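Subject: Structure for you to look at

Hello,

Here is the structure I promised to pass on to you. Please have it open beside this email while you read.

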Amino acid sequence: MNDIYITLTGNVAAEPREYTFDDGSKVTSLRVLTAHRYFDRKSGQWVDGEKVCFAVRCWRTLGDNVAQSVRVGQPVVVSGKLRIREFGPEGDRRFMPEIEASAVGHDLRWGTGTFVKPERAGGSGVSREMRDRLDEETQDWAMGARKGPGLVVREIPADEAAVRIIGADDNEKESEDAGWPQEERAAA
């Protein structure tokens, strides 16, 4: 199957939720609401079109950075792979557009930001089983703060917010830094 890559702009609709698995790997999930706006010549005003809510999943370092940087209501730009998740019992199947993010950042059309490079620690790959378990645990966003076995849900308080501009692709099994000489990785 060919992957579909998209970029969207919108506002964060709910506080990011950070999940930690038994092996220490992390994923941050958030919702981004986007609406098409157009100029209505008859009324002479801008009009909001249909609104679409996307679930956004950020793995590893990107997830950590998003959890520390992004808050509800903030405008963001998200780029990544489009997935359509299907869930629910037969006869009542539901579908949700989801983006497995490769980059997330604040939309600087609406404000200013400051970049702070975090200290890097060694990361680990996320197994297919962990991704499937996360799918089961997040089938319905309205589930609240339910916790599953080996899964810790942490709401990020607003006072931990720091604006960061994130652009690294953290969705591959190895870091982009892996091809760099050791001295350059230490300096990065």
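Below I go through what was found in it, beginning with the chain as a whole.

Please keep in mind that this is a predicted model, in which local features need pLDDT of at least 70 and side-chain atom pairs count only at pLDDT 80 or more, while totals for chains, interfaces and linings use all residues. Residues are numbered from 1 along each chain as its sequence is written, and side-chain values use heavy atoms, with hydrogens and water left out.

The chain has three helices and six strands, where helices (H or I, at least four residues) and strands (E, at least two) are DSSP runs numbered from the N terminus. Their order along the sequence is β-β-β-α-β-β-α-β-α. Of the 188 residues, 36% count as buried, a word that stands for under 20% relative accessible area, with exposed meaning over 50% and partly exposed in between (1.4 Å probe, protein chains only).

The strands β1 and β2 run antiparallel and are joined by seven bridges; two strands are said to pair if DSSP finds at least two bridges between them. These two strands form a hairpin with five residues between them, and Gly-24 in the turn has a positive phi of about 95°. One of the bridges links Thr-20 to its partner Lys-26 in β2. The strands β2 and β3 also pair in the antiparallel sense, over 13 bridges, and in their hairpin, which has four residues between the strands, Gly-44 takes a positive phi near 75°.

Next come the aromatic rings. A pair of aromatic rings is described by the distance of the centres and the angle of the planes. Here, rings of Phe, Tyr and Trp (its six-membered ring) pair if their centres lie within 6.5 Å, and planes under 30 degrees apart count as stacked, over 60 as edge-to-face and the rest as tilted. The structure holds two such pairs. The rings of Phe-21 and Trp-59 are stacked, because their centres are 6.5 Å apart and their planes lie at 10°. This pair links distant parts of the chain, since Phe-21 sits in the loop between β1 (4-20) and β2 (26-40) whereas Trp-59 belongs to strand β3 (residues 45-59), 38 residues apart. Both Phe-21 and Trp-59 are buried. The rings of Phe-39 and Trp-46 have centres 5.6 Å apart and planes at 70°, so this pair is edge-to-face. Phe-39 is partly exposed, at a relative accessible area of 41%, and Trp-46 is exposed, at 54%.

Which residues touch the most other members of the largest nonpolar core? They are Leu-30, Cys-58 and Val-78, in a core of 15 residues, where a nonpolar core is a set of buried Ala, Val, Leu, Ile, Met, Phe, Trp, Tyr and Cys residues joined through side-chain atoms within 4.5 Å. The elements that give two or more residues to this core are β1, β2, β3, α1 (60-69), β4 (75-87) and β5 (94-106). A second, separate core of five residues includes Tyr-19, Phe-21, Val-27 and Met-130. In helix α1, seven of the ten residues are buried.

Finally, the cysteines: Cys-58 is buried, with a relative accessible area of 0%, while Cys-53 is partly exposed, at 21%. With a disulfide taken as a pair of cysteine sulfur atoms within 2.5 Å, the count comes to zero disulfides.

Best wishes
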